[in-house]
Amino acid sequence: MSSLLKVIIWGMVILLFTQNFTVTAFSNTQSLRGRQAKLLPRWNNPTHKRTYNISKLKLSETIAGTNDDALKGELAPLPSSDLDSTPNRWISSLPSVGRGKFGDELDHMILSSALPSMLNMAVVPIVNAVDTFWVGRLGITLALAGQSAANQAFFTLFFLVSFLPTITAPLVATAVGSGDMKEAQNKVCEALFLSNMLGALGTIILVCFPRTSLGLVLPKDAAAMSFAIPYLRYRALSMIPALISSTGFAAYRGLLNTVTPLKVSLFTNLVNLVADPFFVKGMGVSGAAIATAGAETFSGLIYIRLLMRRNLVRLSSMFKVPSWKSIKTIIQGGSAMLLFQLAINVAFVTAARRVQAMDPSGVAAAAYGIVMQIYSVGVVMHLGIKATAATLVPSERSKKGDDAARAMADKLFMWGTIVGLILGFLQMALLPFLIPLFTTIPEVRDAIRVPALISSLIQFANGPLFAGEGIMVGLGTFKALTCCTVLGASIMVSCIYSQMGASLNGILLSLAAFNIFQAAAMVWHHLKKGPLKR
C-alpha cells in the first residue's frame with residue numbers, strides 16, 4: 001500500500017475520533033443565539049447616551065433630556081449613504097482579529113456550521129480521487145478515460161434527482177423550529193419515498209441501458225466504452241443508497257447538526273478506502289465501482305438507523321405513497337432547482353463529450369478526469385459554505401429581521417471569498433505533488449498541468465459564487481438563481497462550441513467564464529435585486 005494511502009487512511013481515522021474538537025472553539029456560540037450581544041460600552045450619563053456600532057463602521061448617537069442644539073449637531077448620525085456604501089459593507093464584514101479573539105458572534109456561527117459541512121463534503125471527492133489513483137496505477141489510459149466518462153454519466157443522472165435533499169433541509173428546519181416533530185417526520189419520509197422511487201428508476205436506466213447513458217459523454221464507437229460500461233453498471237447500484245444518505249444529511253442539517261453526518265461520512269468512506277486496492281487489483285476498473293457502491297450502501301443503512309432513533313423515520317411510512325397535497329411543497333420547490341441542476345449538467349456533459357472526442361487515444365479525456373477530480377475537492381469545500389448560507393440566512397431573518405439576515409449574508413460572502421482565495425493558492429502550491437500521484441503516464445501528466453492551473457484560478461470566483469447560491473436558496477429566490485445559472489451555462493456551452501473549445505485549456509477557460517459570470521450575478525442580485533437589498 002502506498003504512503004499516500006496510508007496518510008489518508010490515518011488522517012480519516014484521526015478525524016473520525018477527534019472531530020468533536022474541530023468545532024469546539026465555536027460551539028459556545030450556539031448558546032448565544034437569541035441573545036443580544038453586549039459588545040460596546042454604554043455611558044449612563046443622563047444628558048445623553050452613546051452607542052458605538054463598530055461592526056457597521058458607523059457612530060449613532062441618541063440624545064435624551066437636553067435641548068442643546070450644538071450638542072445635537074455635534075452628535076448627529078452620519079448620512080446613510082456613507083454608512084451603507086458597498087465598500088463599507090464588505091469591509092465591515094471581514095472577520096476581526098484582536099487579543100485572544102478572532103471574529104464576532106456571526107463569524108463563530110458560520111464557522112461552527114461550515115467546518116463540519118466542509119469536512120463531510122470533502123471526504124467524498126478525496127475518496128473518489130483515491131479511486132482514480134488506484135485505476136491510474138493500472139497504467140491503462142483508456143481505463144482512466146472510461147472511469148471518467150462513467151462517473152460523469154452517473155452523476156449527471158444522480159444530480160438531476162438530488163434536488164429532493166436541497167428542499168428537505170429547510171422544510172425540516174421549519175418544522176423543528178416550530179416544535180412540530182410529526183411534520184418533520186412526514187417530510188423526511190416523503191423525501192425518502194421519492195428518493196427510492198427516482199433512485200430505482202435511475203438504477204434501471206444505468207444498469208440496463210448503459211450505452212444510452214454513456215452516449216451523452218462518449219461516442220458510440222469510443223475505445224473507452226469497454227471500460228466504462230461495466231464500471232457504470234456496478235456504480236449504478238449505489239444510486240438509491242446515495243440518495244438516502246443525501247436525504248439523511250439534509251435532515252440532520254435541518255436539525256442544525258452537521259457533526260453526526262461527518263462521523264458517518266468518515267467511517268463509511270474509510271471502508272471504501274480500505275476496500276479499493278483489493279477490488280481494483282482483483283477486478284480492474286470495475287473493482288473501484290464495487291467498493292464505492294458497497295460504502296454507499298453501508299452509509300444509507302446507517303442513516304436509516306439514525307433517523308429512526310431520532311423518530312424522523314418510520315419504515316412503514318418510507319414505502320407509503322404520499323398524497324399530492326403533502327408532497328406539493330417538495331415538488332413545486334424542487335422544480336426550479338431541477339432546472340438549475342439540469343442547466344449545470346448540460347454544460348458539464350457538453351464539456352465532457354467534447355473532451356472525449358478530442359483525442360482518440362484517451363490522453364485528453366484521462367487528463368480532464370484527473371483535473372476535475374482535483375478541482376472537485378475545492379468545490380465541495382465551497383458547497384459547505386453554500387449549505388451554511390442556505391441555513392443561517394433564513395434563520396437570522398426569521399428571528400431578527402432583514403437587517404440581521406443582511407449582516408449574515410454579507411459575512412458569508414466575505415467568508416466565501418476568503419475560502420476561495422485559500423483553496424486557489426493551496427491547489428496551485430500542491431499541483432507539482434498531486435499530478436504525479438494520479439498517473440504514471442508522461443503524456444497524461446503533461447496534458448494536466450495547464451488545465452489544473454486554470455482550475456486553481458477558478459476557485460477564486462467560486463467563493464462568492466457558492467455563497468451567493470446558498471443565500472438565494474435560503475431566501476427562496478429559486479427562479480432568479482435558475483435564470484442566472486441558465487445564462488451562465490449558455491455562456492459555457494457557447495465557448496465550448498467555439499474555437500476556444502478545441503483544446504483542453506479552452507474547456508477549462510469556458511468553465512472559468514461560466515463561474516465568473518455566476519459570481520458577478522450572485523453579488524449583483526444580493527446588492528441590487530434580492531430580498532435583502534437596501
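Predicted model: local features only at pLDDT ≥ 70, side-chain atom pairs only at ≥ 80, totals over all residues.
Visitor: What makes the separation of Phe154 and Phe158 about one helical turn?

Guide: Phe154 and Phe158 are 4 residues apart in helix H7, so about one helical turn separates them. An α-helix has 3.6 residues a turn, so residues three or four places apart point the same way. Helices are DSSP runs (H or I, at least four residues), numbered from the N terminus.

Visitor: Why is Phe154 called buried?

Guide: Buried means under 20% relative accessible area, exposed means over 50%, and partly exposed lies in between (1.4 Å probe, protein chains only). Phe154 has 1%, so Phe154 is buried. Phe158 has 8%, so Phe158 is buried as well.

Visitor: What kind of aromatic pair do Phe155 and Phe158 form?

Guide: Their pair is edge-to-face, with 6.3 Å centre to centre and 90 degrees between the planes. Rings of Phe, Tyr and Trp (its six-membered ring) pair if their centres lie within 6.5 Å; planes under 30 degrees apart count as stacked, over 60 as edge-to-face and the rest as tilted. Phe155 has a relative accessible area of 22%, so Phe155 is partly exposed.

Visitor: How many aromatic pairs are there?

Guide: The structure holds 6 aromatic pairs. One of them is Phe154 with Phe158, which is stacked at 6.0 Å centre to centre and 10 degrees between the planes. Ring pairs join Phe154, Phe155 and Phe158 into a cluster.

Visitor: How do you know which residue lies over the face of Phe154?

Guide: The test is that NZ of Lys or CZ of Arg is within 6 Å of the ring centre and within 35 degrees of the ring normal. Arg235 lies over the face of Phe154, at 4.3 Å from the ring centre.

Visitor: What makes Asp403 and Arg406 a salt bridge?

Guide: A salt bridge is a side-chain nitrogen of Lys or Arg within 4 Å of a carboxyl oxygen of Asp or Glu. The closest N and O atoms of Asp403 and Arg406 are 2.7 Å apart, and the two form a salt bridge. Asp403 is exposed because its relative accessible area is 54%, whereas Arg406 counts as buried at 6%.

Visitor: Which parts of the chain does the salt bridge of Glu469 and Lys386 link?

Guide: The side chains of Glu469 and Lys386 meet at 3.1 Å, N to O. Glu469 is in helix H19 (residues 442-475) and Lys386 in helix H17 (residues 363-400), 83 residues apart, so the pair links distant parts of the chain. Both Glu469 and Lys386 are buried.

Visitor: Why is Lys400 called partly exposed?

Guide: Lys400 has 40% relative accessibility, so Lys400 counts as partly exposed. Lys400 forms a salt bridge with Glu396 at 3.9 Å, N to O. Glu396 counts as buried because its relative accessibility is 4%.

How values were computed:
Residues numbered from 1 in each chain as written. Heavy atoms only, no water. Helix = DSSP H or I, 4+ residues; strand = E, 2+ residues; numbered from the N terminus.
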